[in-house]
Amino acid sequence: MTASEKQKIAVFMDTAQDFFTSGYRTYSEASATMQKKYYFMDDDAPAVKPDQSDGFPVNVNDSAKSAYTGGRPVEQRRSNGSDDSLEKIAAEVKACNNCSLGGLRTNAAPGEGVTQPLVLVIGEGPGAEEDAQGRPFAGKAGQLLDKMLSSIELSRNTNCFIANVIKCRPPGNRDPYPEETSACAHFLERQIIQLKPKFILIAGRIAAQTLLKTTEPIGRLRGRFKELTIADMTIPLIITYHPAALLRNEDLKRPAWEDLKLLRIKIEEISGGN
Ligand code: URA
């Protein structure tokens, strides 16, 4: 039996256990150890670490490198015919007045994280704390998001970038209007092109519906992988509940945990965890 098959069985049994005990496990050292023990089987060939000189695994040949569209170092991506950059996008976001939210903000929150992320996390838009700090997911929902990510070995400090579909706070945290999401859309698109994430995790209904251009409810969108095609990339994507929704409704925690587990398994399958 391969490591991947064993992981699937382990997750199935774990989900069944969650169901019978109705327990959503928050992050703890004990649960992290459990996950390592049960999910991260190591009897497949070890994952190949990137060769630091060009960002590709050491066993990838030159023609495969030129055909590859994922996760190349930022400097190389810039020299590949594009004069855009994350810094340029952030500067434009901070100066933007393309919709009325520009005149209402204290700070825009362009996004933060690493520049070659394994996972790009996409939320809705800044709230009060994010507006005050100019950083995404800086408040209570952000603390929960960080815990959720950490439970599957992700972090904005090491392997994720966090962004929102809109970069300025709507007054009173209302849902953004369509004209606001469309005025902001090019920023996120350009960020995705620059970041070339290997996976996308969408948090919440607004981000999911905006990016997938659908009105389907989040309960039907979450829980299975989809793909986002942008420029020449097709990126695997999974949707889960927004951490703010989990803070309001405990019952959503178990399905959200299932979504995160699916993401972790896909990461192990496709990129050996890197
Ligand atoms: N909610 C979001 O969707 N994004 C943030 O940055 C903060 C809260």
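This report walks through the ligand site and a few individual residues.

## Ground rules

This is a predicted model, in which local features need pLDDT of at least 70 and side-chain atom pairs count only at pLDDT 80 or more, while totals for chains, interfaces and linings use all residues. Residues are numbered from 1 along each chain as its sequence is written, and side-chain values use heavy atoms, with hydrogens and water left out.

## Around the ligand

Let's start with the neighbours. Gly-123, Glu-124, Gly-125, Glu-130, Pro-136, Phe-137, Asn-164 and His-242 surround the ligand (each has a heavy atom within 4 Å of it). Sorted by class, that shell has two nonpolar, four polar and two charged residues; Pro and Phe count as nonpolar, Glu as charged, and Gly as polar.

Now for the polar atoms. The ligand has an oxygen atom 2.7 Å from a polar backbone atom of Phe-137, and an oxygen atom of the ligand also lies 2.7 Å from a polar side-chain atom of His-242. Asn-164 brings an N or O atom of its side chain to 2.8 Å from a ligand nitrogen. On its own the ligand has 230 Å² of accessible area, and the protein covers 92% of that (Shrake-Rupley method, 1.4 Å probe).

Phe-137 is in the loop between α6 (128-133) and α7 (140-151) (helices are DSSP runs of H or I, at least four residues, and strands are runs of E, at least two, numbered from the N terminus). Its phi is positive, about 45 degrees, although Phe-137 is not a glycine. Phe-137 counts as buried because its relative accessibility is 6% (buried means under 20% relative accessible area, exposed over 50%, partly exposed in between, with a 1.4 Å probe and protein chains only).

## Lys-213, another positive phi

Lys-213 also has a positive phi, near 50 degrees, and is a residue other than glycine. You'll find Lys-213 in the loop between α9 (205-212) and α10 (218-221). With a relative accessible area of 72%, Lys-213 is exposed.

Ala-203 belongs to strand β4 (residues 199-203) and is buried, at 2% relative accessibility. From C-alpha to C-alpha, Ala-203 is 9.3 Å from Asn-164 in space, and the two are 39 residues apart in sequence.

Ser-85 is in the loop between α4 (74-79) and α5 (86-95), and with 10% relative accessibility Ser-85 counts as buried. What does its side chain reach at 3.0 Å? That would be the backbone nitrogen of Lys-88. The side chains of Ser-85 and Glu-87 are joined by a polar contact of 3.3 Å (a pair of N or O atoms within 3.5 Å; within protein, one must be able to donate a hydrogen and the other to accept it, and residues adjacent in sequence count only if both atoms are side-chain atoms).
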